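Hi,

Here is the structure I said I would pass on. Have a look, and my notes on the side chains follow below.

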Amino acid sequence: MFCPACGRGLTSPSRTPVPYPMHVCATDGIVYDQQRGQWYGLPEIKERLCCPACGSAMEFEPKGGTPRVFFCYQCGTTYDKNRGSWYGIAFHVPGSAP
């Protein structure tokens, strides 16, 4: 997992099973709650967003106006800013694939 703000790797939960596995960015303090599939501490998303699955910079649409949808061309992860929803990220979290 990578930080959506800076693209750095997130620390993983401990190897022992914990009830609420969290991934944390030591630089920005952003947290991903693996069990709930929720992000905490994300700053306001404007025109810059990194892919939490691979760390690459995400492209956004529409190009001429306010960004509404962010897309990673490296792995296909998508973020819909209007709905506040991530698509395609669950398969990148260890132990979450069907």
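Which residues touch the most other members in the largest nonpolar core? They are Leu 10, Trp 39, Leu 49, Met 58, Phe 70 and Trp 86, out of 18 residues in that core. By nonpolar core I mean a set of buried Ala, Val, Leu, Ile, Met, Phe, Trp, Tyr and Cys residues joined through side-chain atoms within 4.5 Å. Buried is under 20% relative accessible area, exposed is over 50%, and partly exposed is in between (1.4 Å probe, protein chains only).

Before you go further: this is a predicted model, where local features need pLDDT of at least 70 and side-chain atom pairs count only at pLDDT 80 or more, while totals for chains, interfaces and linings use all residues. Residues are numbered from 1 along each chain as its sequence is written, and side-chain values use heavy atoms, with hydrogens and water left out.

Back to Trp 86. Leaving aside residues up to four places away in sequence, Trp 86 has contacts (heavy atoms within 4.5 Å) with Pro 4, Trp 39, Leu 49, Cys 50, Pro 52, Met 58, Thr 77, Thr 78 and Tyr 79.

On to the rings. The structure has 6 aromatic pairs; rings of Phe, Tyr and Trp (its six-membered ring) pair if their centres lie within 6.5 Å, and planes under 30 degrees apart are stacked, over 60 edge-to-face and the rest tilted. One of them is Tyr 32 with Trp 39, a tilted pair at 4.6 Å centre to centre with 45° between the planes. Tyr 32 is buried at 4% relative accessibility, and Trp 39 is buried too, at 11%. Phe 70 and Tyr 79 also make a tilted pair, with 6.4 Å between centres and 45° between planes, and both of these residues are buried. Ring pairs join Tyr 32, Trp 39, Phe 60, Phe 70, Tyr 79 and Trp 86 into a cluster.

The whole structure has 2 salt bridges, meaning a side-chain nitrogen of Lys or Arg within 4 Å of a carboxyl oxygen of Asp or Glu. Arg 36 and Asp 33 form one at 2.8 Å, N to O. Asp 33 is buried at 0% relative accessibility, whereas Arg 36 is partly exposed at 47%.

Cheers
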